[in-house]
Amino acid sequence: MLNQIFVKPFVDMVSAPDFLLQVVWEGLVSGVLYALIALGFVLIYKSSRIFNFAQGIMVVFAALTLVGLHENGVPALLALPLTLVVMYLLAMAIERVVLRPLVNQPDIILFMATIGITLFLVGFGELIFGGENKVMITEQLGIPTGSYTFEPWGGLLILEQKDITAVIGAIVLVLALLLFLNRSKMGRAIRALGDDHQAALSVGISLSTIWVLVWFIAGIIALATGIVWGARAGVSFALEVIAYKALPVLMLGGLESVSGAIIGGLMIGILEKLFEIYWGQPLMGGNTETWFAFVLALFVLLFRPQGLFGERIIERV
Amino acid sequence: MLYRTAGQFKTSYKADHALFPVRQDAVLLWIIVFLAVVVFPLTASEFTFQALLIPVLIYSLAALGLNILTGYAGQLSLGTAAFMGVGAYATYKLITIFPEMNLLAAILLSGFFSAAVGAAFGLPSLRIKGFYLAIATLAAQFFLVWLFEKWAWLYNYNASGAIQVPNIDFFGIRVAGPTAKSIVQYYFVLGVVALMTALSINLTRGRIGRIWKAVRDMDIAAELVGINLMKAKLLAFAVSSYICGVAGALFVFLWRGAAEPNLFDIPLSFRILFIAIIGGLGSVMGNFLGALLIVALPVVINTIPDALGLDIGAAPLEHINTMIVGGLIIFFLIVEPLGLARLWQIIREKFIIWPFPH
């Protein structure tokens, strides 16, 4: 038994390095997606202290809108900006209907409100688009679908082109976002709101404009995530589940940290895949991916309560 | 007028500490008890028992468990359904290992398993707070549901992977299983829920309850005045999980009749959190009001198209249902963030002077 836990997995890893690389790559790709979703959470949390549970359903909703528009005869390249318009309207509606009346309420109330939004969007989405699984319009959007094959150490390594596109796309998106947050006036306003609501308001930053903006950016991220994940697994309401996978990423990376979300996402993506392949499947009957990330984050938090990159918590009475 | 307390004198400390010091409250309670014990069972149909009365009671109990943790001790938890699952599976194992065991004893015992698991998953609360803790409790949620699925011993190596409730007699009366009568099940559930509620009320208004409230309002300050945070938080997790475990056992044994692992998945946790929040955090009565709303709402919505003579079809109706529930949650949060219990308080204050303007 000890041999199975402590020796055999590592022997397997060393003896088949090409397979290990493949596993790490797969983990990396899902890690990028977790990081993207976590980024949506972090942005909204930073600027409004709202723990936005609806990020997952926003991913589904964005992807469904895109596919649904295309099914109704809108060309793919036109459907993309149209979906962005829909996400903008959604952000505006959420700000006007839900957030504005709830300003200054305790955190848990706002959190519950986002669960309310989630339920509403689930019902709304199913009503309009139907509950069945749809195929993402990968080719129509110009995303290559082939794959590269390498043979390191005489083994086999397959990298799918859409995964590579996803990784590059995510990197570009994150860089653009960081540039926006750190260099533009709007971005600075968002960070100012995150630091101190009242101080930001008093220097003339408009709360409602920034909230709409932040939710819209979260919508853009949701759309990107939806396209990438949809290309891998199809578009359905099951996608919502991956939002839960972003939560341990947040714990690990810290709720306020953009870089934490990215590094945490990649770490969890890779580690959970390794654990599943080398320990989970042979020893525990598989499907350990549902909880491994949470338990890992739990252990990290026991030693670093603010997460790996979160702001240090200073408490006063 | 209706709620005037003038003239109600207390002549002893005992009377002053009574559960319901205001006479009107006590009268109201007796009316509710009368309704619950005599009127509802006599008038209810099979459908009302199964779709309304029994689930309302069970959901209230589960929400009460969560409310003790979140509303009184201030620790947000998203793992309620998993703790309910522990109670249900523990009862199942106890019943199948000791077939002679009294069902009530098995259910009350199973709560202790749930309490132990809850306390174990409550350990991180000593270091982390707020949403970090909420996510940490999700670890319990996902891990335990996975365990229910993979650990075949828990469901006695069934091929289906689900637990089936056998026929169980309670002092010679069939209470659980396919042939049990709804009215019997209702009385059994009512008894257990009443017992648990009475215990919780007394727990929350006594010394322990005050310790929890101190921890909730500011844990560092509580620590400074000499409260042992570790004991207080772990006790809150244990008591909360105990109640949730009992609710889970009732959920499966007295209502559903069978359970698959994914029954205890995260939507159930959220459902109970809704009930607790819409009812009102930090209130016992709120759980019952919240459960009534959340359980009755879909039942009522389902009857509306028939009443209007519309034919929408089952699937869209279900989706509209989800939408309306989501919308109503937001609506209630905006209208009264402190929940239905607070609404009742406001009504009560109105009744004190009603029908006069001042």
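Let me begin with chain A, whose secondary structure comes to twelve helices and two strands, where helices (H or I, at least four residues) and strands (E, at least two) are DSSP runs numbered from the N terminus. What you see is a predicted model, in which local features need pLDDT of at least 70 and side-chain atom pairs count only at pLDDT 80 or more, while totals for chains, interfaces and linings use all residues. Residues are numbered from 1 along each chain as its sequence is written, and chains are lettered from A and ligands numbered from 1 in the order in which they are written.

Read from the N terminus, the order of elements in chain A is α-α-α-α-α-β-β-α-α-α-α-α-α-α.

As for overall dimensions, the C-alpha atoms of chain A fill a box of roughly 60 × 60 × 35 Å along the principal axes.

Turning to the interface, 34 residues of chain B are in contact with 39 residues of chain A, contact meaning that the C-beta atoms, placed from the backbone, lie within 7 Å. On the side of chain B that touches chain A, helix 6 (130–150), helix 9 (219–224), helix 11 (266–279) and helix 13 (314–335) of chain B each give two or more residues, and helix 13 of chain B gives the most, with twelve residues.

Notes:
Contact = placed C-beta atoms within 7 Å.
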